[in-house]
Amino acid sequence: MKWFIKCFCLLMTMVLLCSAALAAPPAADRAGNPIQVPAQVNRIVSLAPATTQILDALGLLDKVVGVDTQTPLYVAGVEHLPQFDLMSPDIEAIAALEPDILFASGMSYLDGNPFQLLMDMGVCVVDIPSADSIAGICDDILFTAGCLGMDAQGQAIVDDMLAKIDALAAIGGSIETKKTVLFEIGALPYIYSFGQGTFLHEMLTLLGAENVLGGQSGWLAVSEEHAVAANPDVILTNVNYIEDSVGEILARPGWENVTAISTGNVFYIDNGASSLPSHHIVDAMIQMAVALYPDAFADDAALPADAT
């Protein structure tokens, strides 16, 4: 009996140690830089809209004391907070907010590290470069949650996200006649899109579509001639800086014979859901699915729970 009790106690000790190890905050950020996350995080500055979306999902907006100027376009409830240019943040003004942790993206590091003063003051500065895959987005969510002692909540967000993506991909995998797609993230006169190695390309592929730029990699500048010659069946756009991006595409001179134009298959996909690497890509993926294959995704029962 004593032997059993000793073994049981040893087992419970191991379980507790393993649980503590799993719950330990990250020792390095997503860029590989060493970090020391405070034991208590009560004041957060987020200079990355995608990260703020994740903080919102974790129920932590009440701890956010500052954001970048783009975040209010995508996250409700932060309009009243101090806002900073993520390309050239006002470090002294951020320091005055006394943050425990600051989340940044690669956009803030284009001209070097602007946060050294904050780091010297003891602020935990966390770099999360923009993810280029669905798996990378999941890792970012888990990492962010882990920094804030909310591992289980982060895992729940990821599990829900992947379950919905799997449901969409199951239908996409059954598509026999695949449509070709041009997805514009920048409109004329400077068309921008993407090839493989991006989460948007991955989403199109999972939905059973073919990216007309799938032979290339990364984020791409596309000539008008190339776009017309690609003759996509469908054109998607998330351009939100012109009043009617769909109407602009449909009215382009010289595009009349492009299949997507002649058939009217041009659709707007929510910019905040499709341009930011967060769990909201599922919302964009649902919009893309219905636009691409309205028959396959017409039944509400075919869409993931809470999608409609």
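The structure is a predicted model, in which local features need pLDDT of at least 70, side-chain atom pairs count only at pLDDT 80 or more, and totals for chains, interfaces and linings use all residues. Residues are numbered from 1 along each chain as its sequence is written, and side-chain values use heavy atoms, with hydrogens and water left out.

The chain contains twelve helices and eleven strands. Here helices (H or I, at least four residues) and strands (E, at least two) are DSSP runs, numbered from the N terminus. Of the 308 residues in the chain, 45% are buried. A residue is called buried under 20% relative accessible area, exposed over 50%, and partly exposed in between, as judged with a 1.4 Å probe and protein chains only. Two residues are in contact when heavy atoms lie within 4.5 Å. Among contacts in the chain between residues at least 6 apart in sequence, 61% join residues at least 24 apart.

The salt bridges come next. A salt bridge is a side-chain nitrogen of Lys or Arg within 4 Å of a carboxyl oxygen of Asp or Glu, and the structure holds four of them. One of these joins arginine 30 to aspartate 140, with the closest N and O atoms 2.6 Å apart. Arginine 30 lies in the loop between helix H1 (2-23) and strand E1 (44-46), while aspartate 140 belongs to helix H5 (residues 134-147), so the pair ties together parts that are 110 residues apart in sequence. Arginine 30 is partly exposed, with a relative accessible area of 35%, whereas aspartate 140 is buried, with a value of 4%.

Another salt bridge links lysine 164 with aspartate 160, where the closest N and O atoms are 3.2 Å apart. Both residues lie in helix H6 (residues 151-172), four residues apart, which is about one turn of the helix. Lysine 164 is buried, with a relative accessible area of 16%, and aspartate 160 is partly exposed, at 39%.

Arginine 252 forms a salt bridge with glutamate 248, the closest N and O atoms being 2.9 Å apart. Salt bridges that share partners join Glu184, Glu248 and Arg252 into one network.

H6 packs against helix H12 (residues 281-292) at an angle of about 15°, and their axes are 10 Å apart. Axes are lines fitted to C-alpha atoms, for helices over the stretch in contact, and angles run from 0 to 180 degrees between N-to-C directions. Angles under 35 degrees count as roughly parallel, over 145 as roughly antiparallel, 65 to 115 as roughly perpendicular and the rest as oblique. H6 and H12 are therefore roughly parallel to each other. H6 passes H12 in a left-handed crossing; a crossing is left-handed if the near helix is turned anticlockwise from the far one by less than a right angle, and right-handed if clockwise. On H6 the contact is made by Met161, Lys164, Ile165 and Leu168, and on H12 by Ile281, Val282, Met285, Ile286 and Ala289. By class, this contact has eight nonpolar, no polar and one charged residues. In this classification Ala, Val, Leu, Ile, Met, Phe, Trp, Tyr, Cys and Pro count as nonpolar, Asp, Glu, Lys and Arg as charged, and the others, Gly among them, as polar.

H12 also meets helix H7 (residues 199-206): the two axes come within 10 Å and cross at roughly 45°. That angle makes H7 oblique to H12, and the crossing is right-handed. Phe199, Leu200, Met203, Leu204 and Leu206 of H7 meet Ile281, Ala284, Met285, Met288 and Leu292 of H12. The contact of H7 with H12 has ten nonpolar, no polar and no charged residues.

Two individual residues complete the tour. Threonine 52 is found in helix H2 (residues 49-57) and is buried, with a relative accessible area of 0%. Not counting residues up to four places away in sequence, threonine 52 touches Ser46, Leu61, Val67, Thr71 and Val75. Aspartate 85 is found in the loop between strand E3 (83-84) and helix H3 (91-96) and is partly exposed, with a relative accessible area of 38%. Aspartate 85 and serine 108 are 23 residues apart in sequence and 8.8 Å apart in space, C-alpha to C-alpha.
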